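Here's a quick briefing for anyone meeting this structure for the first time. Have a look at the sequence and the model, then read on.

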Amino acid sequence: MLVALLSLLSGCARPPPAPPPLDVTPVTPVEDVTPTLLADAEIVVVGDIMMHGSVKRAARRSAEGDAFNGYGALFAQVKPALSQADLAFGNLEFPVAPDHHRSEGSMVFNAPPDVLNALADAGFDVVSFANNHVFDQGIPGFVETVERLEASPLDYLGAGLDCERAKAARIYDLNGIKVGFIAATRLYNGYFPPDHRQCSFHLTSPEEVFASAEAAREAGAEIVLLSVHWGQEYKTAPHKNEVELAHALLDGGIDAIIGHHPHVLQPLEVYETQDGRRTFVIYSLGNFISGQGYGYRHGLHHPNIGNTRDGGMLRFKVVRKGYGRDLSRVELADVRFDPLWVIRRREHPQTLPVVDRVQIQEITRQIGEAEDAAAAVALQRELEIYADRRLHAGRVVGSQWLLPLDGEVFADPGE
């Protein structure tokens with residue numbers, strides 16, 4: 001009875017008063033600052049373009065029907081990849097001076113003008129003529145090369161009939177993004193021109209590059225690239241002096257460094273500058289084409305014996321990103337590395353670069369279609385070469401940078 005009475009009384013009780021409303025200040029929605037891609041352009045860079053005697057002989061064997069006396073055939077396999085880029089670059093490591101030819105040998109080069117037109121036809125836009133072979137045919141040969149470059153479809157960096165031209169950046173408008181490009185060498189073959197009337201940019205201190213980079217930015221460049229001919233030949237790692245110089249150059253205003261001269265691949269390093277820019281240096285891109293490494297036999301030699309036949313196409317983008325509030329910034333992005341291999345065959349004499357990834361995909365397709373067992377075995381042996389060289393190149397440069405094959409997954413390299 002008591003329980004029922006208490007229940008009745010509780011049901012008749014008035015509810016407690018509602019609490020006063022909270023004094024809440026309205027929150028202004030956060031502005032969307034997700035970056036927006038406003039413009040982009042792709043740049044591809046390769047290493048040493050060399051005209052050994054065997055390379056020129058290979059061109060002569062392909063001369064019939066070739067618009068460039070056989071030199072076009074040398075680059076036919078890489079033309080599709082080069083032509084995709086908005087700007088393609090390589091190191092021209094030989095004079096083009098048939099009118100002032102004085103000597104030639106394993107370490108002294110010269111080549112006909114056809115090679116310049118063939119390079120342009122293959123997709124190259126600009127070359128560096130700042131390296132240790134620029135005076136192989138003396139000052140007259142240097143001057144002739146510059147004049148022939150001026151008359152060719154190619155632009156050139158790092159050289160000129162005066163040092164002002166040699167040290168100045170060239171500025172390229174790539175889809176509305178202005179890219180400055182400088183080239184210099186730290187090496188000559190024991191010969192320096194007697195005065196400054198004929199000049200290849202010889203880099204003796206970072207301050208010289210800083211001056212060129214600053215002038216480029218004042219002229220409108222939003223990204224500044226530097227090609228450097230440096231390093232110790234046939235070493236797959238840079239010397240600490242190159243590493244220190246690279247960091248100083250990047251801290252001083254360079255955004256990316258493209259290295260060459262060792263004739264073998266070296267690592268790619270990403271470097272965060274003191275002012276917060278994300279930059280990189282590829283210490284060496286190896287040989288794009290050369291007559292080196294002829295004796296290498298896959299499966300018999302240590303892989304390092306084939307290093308001079310490894311090269312690479314480094315592909316990266318310059319992008320303009322919008323960050324809202326009318327703010328935008330030009331940055332580097334999407335860095336990818338495609339290993340190259342220089343074919344040198346005795347049975348079908350030829351010397352030409354090919355893209356390992358493309359060869360692997362094509363040979364895999366051919367194996368699937370092969371009806372003859374012997375042909376399938378031959379194709380599998382060839383496939384093994386490209387797969388092993390690709391793996392070897394990735395170990396040197398950094399496998400995380402490889403442009404992947406279909407379905408390929410890379411592990412985190414860790415620390």
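## Salt bridges, a helix pair and some loop residues

The structure holds 23 salt bridges, a salt bridge being a side-chain nitrogen of Lys or Arg within 4 Å of a carboxyl oxygen of Asp or Glu. This is a predicted model, where local features need pLDDT of at least 70 and side-chain atom pairs count only at pLDDT 80 or more, while totals for chains, interfaces and linings use all residues. Residues are numbered from 1 along each chain as its sequence is written, and side-chain values use heavy atoms, with hydrogens and water left out.

**Salt bridges**

- E104 pairs up with K56 in a salt bridge, and their closest N and O atoms are 2.2 Å apart.
- E104 sits in the loop between β2 (87–92) and α5 (114–122) and K56 in helix α2 (residues 53–61), so this pair ties together parts 48 residues apart in sequence. (Helices are DSSP runs of H or I with at least four residues, strands are runs of E with at least two, and both are numbered from the N terminus.)
- K56 counts as buried at 10% relative accessibility, while E104 counts as partly exposed at 39%. (Buried means under 20% relative accessible area, exposed means over 50%, and partly exposed is in between, using a 1.4 Å probe and protein chains only.)
- R170 forms a salt bridge with D155, with 3.2 Å between the closest N and O atoms.
- Here R170 belongs to strand β6 (residues 170–174) and D155 to strand β4 (residues 155–157), so the pair ties together parts that are 15 residues apart in sequence.
- D155 is buried, with a relative accessible area of 17%, whereas R170 counts as partly exposed at 30% relative accessibility.
- R336 forms a salt bridge with D334, the closest N and O atoms being 3.5 Å apart.
- Salt bridges that share partners join D40, E42, R315, K317, D334 and R336 into one network.

**A helix pair**

- The axes of helix α10 (residues 356–369) and helix α11 (residues 373–397) come within 9 Å and cross at roughly 155°. (Axes are lines fitted to C-alpha atoms, for helices over the stretch in contact, and angles run from 0 to 180 degrees between N-to-C directions.)
- That crossing angle makes α10 roughly antiparallel to α11, a label for angles over 145 degrees.
- Residues making the contact include I360, I363 and I367 of α10 and L379, L383 and Y386 of α11. (Contact means heavy atoms within 4.5 Å.)

**P95 and its surroundings**

- P95 is found in the loop between β2 and α5, and at 0% relative accessibility P95 counts as buried.
- A111 is 16 residues away from P95 in sequence, yet the two are 6.4 Å apart in space, C-alpha to C-alpha.
- Leaving aside neighbours within four places in sequence, P95 is in contact with several residues, among them F109, A111, F129, H133 and T145.

**Two residues with positive phi**

- Y234 isn't a glycine, but its phi is positive, near 70°.
- You'll find Y234 in the loop between β9 (223–229) and α9 (240–251), where Y234 is partly exposed with a relative accessible area of 43%.
- H261 has a positive phi of about 125°, although it is not a glycine.
- H261 lies in the loop between β10 (256–260) and β11 (268–272) and is buried, with a relative accessible area of 6%.

Terms used
Parallel < 35°, antiparallel > 145°, perpendicular 65-115°, else oblique.
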